[in-house]
Amino acid sequence: MKTVDELLDAAKAATGVDTDKELATKLGVKNTAVSNYRRGVSLPDAVVCATLAGLTGEPLARVLGVVGEARAISREEKAVWRKLAATAALLAVVVFPTLSQRAHAAHEEFRPRFPPGFSRPAPFR
């Protein structure tokens, strides 16, 4: 995902909506906002970026990178935002799954074990 248009299209696909007006409702913005995002008249703010990340499953840093690149004026600034987006994508693919596996293993290691025939105590209410 390299452009705001692609991000919006991914959000439409993820939510199962057909029109930008329906997507605007899902994003909690005015009906014209999505059209303005597509035309570059305006760009999603941080709250809308967080919503887009949630809808698409993309890391928030990646979404912010895509939007930041679209907002940037200079070539150098665009490169910084592009690098942020690429780094976030790499972390999502490589690092986060590994951390999740380690967290699960640690949880299993410290989970209480009860001897055979011993019933687990009822939760306190």
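User: Why is Asp9 called partly exposed?

Analyst: Asp9 has 39% relative accessibility. Buried means under 20% relative accessible area, exposed means over 50%, and partly exposed is in between (1.4 Å probe, protein chains only). The value for Asp9 falls in between, so Asp9 counts as partly exposed. This is a predicted model, in which local features need pLDDT of at least 70, side-chain atom pairs count only at pLDDT 80 or more, and totals for chains, interfaces and linings use all residues. Residues are numbered from 1 along each chain as its sequence is written, and side-chain values use heavy atoms, without hydrogens and water.

User: What makes Asp9 and Arg38 a salt bridge?

Analyst: Their closest N and O atoms are 2.8 Å apart. A salt bridge needs a side-chain nitrogen of Lys or Arg within 4 Å of a carboxyl oxygen of Asp or Glu. The Asp9–Arg38 pair meets that cut-off. Asp9 lies in helix α1 and Arg38 in helix α3, so the pair ties together parts that are 29 residues apart in sequence. Helices here are DSSP runs (H or I, at least four residues), numbered from the N terminus.

User: How do you know that Arg38 is partly exposed?

Analyst: Its relative accessibility is 24%, so Arg38 counts as partly exposed.

User: What do the side chains of Glu69 and Arg82 form?

Analyst: They meet in a salt bridge, at 2.9 Å from N to O. Glu69 lies in helix α5 and Arg82 in helix α6 (residues 75–110), so the pair ties together parts that are 13 residues apart in sequence. Glu69 has 16% relative accessibility, so Glu69 counts as buried. Arg82 has 43%, so Arg82 counts as partly exposed.

User: Which residues have the most contacts inside the largest nonpolar core?

Analyst: They are Leu8, Leu23, Leu27, Val29, Val34, Tyr37 and Leu52, in a core of 19 residues. Helices α1 (4–15), α2 (20–27), α3 (33–39), α4 (46–56) and α5 each supply at least two residues of this core. A nonpolar core is a set of buried Ala, Val, Leu, Ile, Met, Phe, Trp, Tyr and Cys residues joined through side-chain atoms within 4.5 Å.

User: How do you know that the buried residues of α4 line one face of the helix?

Analyst: The buried residues of α4 are Val48, Cys49, Leu52 and Ala53. Seen down the axis of α4, they fall within an arc of 145°, so they line one face. The arc is taken from the directions from the helix axis to the C-beta atoms. The face turned away from the buried side carries the exposed residues Val47 and Gly54.

User: Why does Leu60 count as partly exposed?

Analyst: Leu60 has 37% relative accessibility, so Leu60 counts as partly exposed. Leu60 is found in helix α5 (residues 60–71).
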